[in-house]
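Subject: A structure for you to explore

Hi there,

Here is the structure I promised to pass on to you. Have a look around it first, and then read my notes below.

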Amino acid sequence: NFHHLISVLNGDDAIDIDLGYNGKGQFLFVMMDDQVGDRAIEIDGAISPEDAQPYTLPNFWNSTFIGGDSATGSRTAYFKDNAGGQIHNSIFVEFDRGIFVEDLETDEDSYNRFLNGQIVLANNTFWNFAGNDSAKIFRAEFDYSPAIPQDSLVVEEALQLDFYSRN
């Protein structure tokens with residue numbers, strides 16, 4: 001477990017969790033560089049095989065995540081390689097891209113963790129985020145050509161999303 005962590009101006013992911021980590025992080029502060037950096041949070045599961053246990057299922061609470069610039073292409077969070085996790089009571093601002101969940105052709109992927117209730121986003125606030133378009137906030141990212149359109153898998157109804165704007 002960790003708390004009161006500051007991760008600022010990273011060249012890659014600000015918080016990178018993987019390989020079965022199941023701890024908790026609280027009072028985190030992340031500020032992305034406006035020129036470099038990829039994701040505020042990357043949560044990976046096992047590498048080979050992807051369905052290896054324990055699953056990576058971290059919990060983050062009461063945190064602030066500031067993107068580099070809403071136009072730089074920065075991602076907020078990426079759940080992949082069969083990982084899940086929870087993010088509660090946090091603030092996300094200035095990210096161009098939302099929260100992505102990997103969906104593989106097999107059932108052993110992070111999208112399956114979401115369907116099984118192992119990815120939870122609750123009581124979070126988003127500002128100047130993914131163009132303030134709810135269809136871009138949380139979505140599956142396919143590594144194959146699905147039989148159904150990706151936009152039909154947007155699941156904002158399952159999440160508590162609050163949007164704020166100066167306008």
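**What I found**

Met31 counts as partly exposed, at 30% relative accessibility. Here buried means under 20% relative accessible area, exposed means over 50%, and partly exposed is in between, using a 1.4 Å probe and protein chains only. Met31 sits in strand β5, residues 29-31. Helices (H or I, at least four residues) and strands (E, at least two) are DSSP runs, numbered from the N terminus.

Before going on, please note that this is a predicted model, in which local features need pLDDT of at least 70 and side-chain atom pairs count only at pLDDT 80 or more, while totals for chains, interfaces and linings use all residues. Residues are numbered from 1 along each chain as its sequence is written, and side-chain values use heavy atoms, with hydrogens and water left out.

**A patch on the surface**

Together with Ile6, Val8 and Leu9, Met31 forms a nonpolar patch on the surface, with about 350 Å² of accessible area in total. Patches are made of residues with over 30% relative accessible area and no salt bridge; like charges are joined within 9 Å, and nonpolar side chains (Val, Leu, Ile, Met, Phe, Trp, Tyr) within 5 Å. The areas come from the Shrake-Rupley method with a 1.4 Å probe, and for residues only the protein chains shown count as cover.

**The core**

In soluble globular proteins, nonpolar side chains tend to be buried together. The largest nonpolar core in this model has 28 residues, and Ile41, Phe60 and Phe65 have the most contacts inside it. Such a core is a set of buried Ala, Val, Leu, Ile, Met, Phe, Trp, Tyr and Cys residues joined through side-chain atoms within 4.5 Å. Elements that each supply at least two residues of this core include β3 (15-17), β9 (75-80) and α1 (110-115). Strand β6 gives the most to this core, with three residues.

Which residues does Ile41 touch? Leaving aside residues up to four places away in sequence, Ile41 touches Ile15, Phe60, Phe65, Thr76, Ala77, Tyr78 and Ile87. Contact means heavy atoms within 4.5 Å.

**Charged pairs**

Side chains of opposite charge can pair when their charged atoms come close. A search of the whole structure finds four salt bridges, each being a side-chain nitrogen of Lys or Arg within 4 Å of a carboxyl oxygen of Asp or Glu. One of them joins Arg39 to Asp13, with the closest N and O atoms 3.9 Å apart. Arg39 lies in strand β6 and Asp13 in the loop between β2 (6-8) and β3, so this pair ties together parts that are 26 residues apart in sequence. Arg39 also forms a salt bridge with Glu42, where the closest N and O atoms are 2.4 Å apart. Both Arg39 and Glu42 are buried.

Another salt bridge links Asp44 and Lys80, the closest N and O atoms being 3.7 Å apart. Asp44 is in strand β6 and Lys80 in strand β9, so the pair ties together parts that are 36 residues apart in sequence. Asp44 is buried, with a relative accessible area of 7%. Salt bridges that share partners join Asp13, Arg39 and Glu42 into one network.

Asp81 is in the loop between β9 and β10 (85-88). Asp81 is buried yet has no salt bridge, and Lys80, the nearest side chain of opposite charge, is 4.6 Å away. For charge, Lys and Arg count as positive and Asp and Glu as negative, while His and the chain ends are not counted.

Happy exploring!
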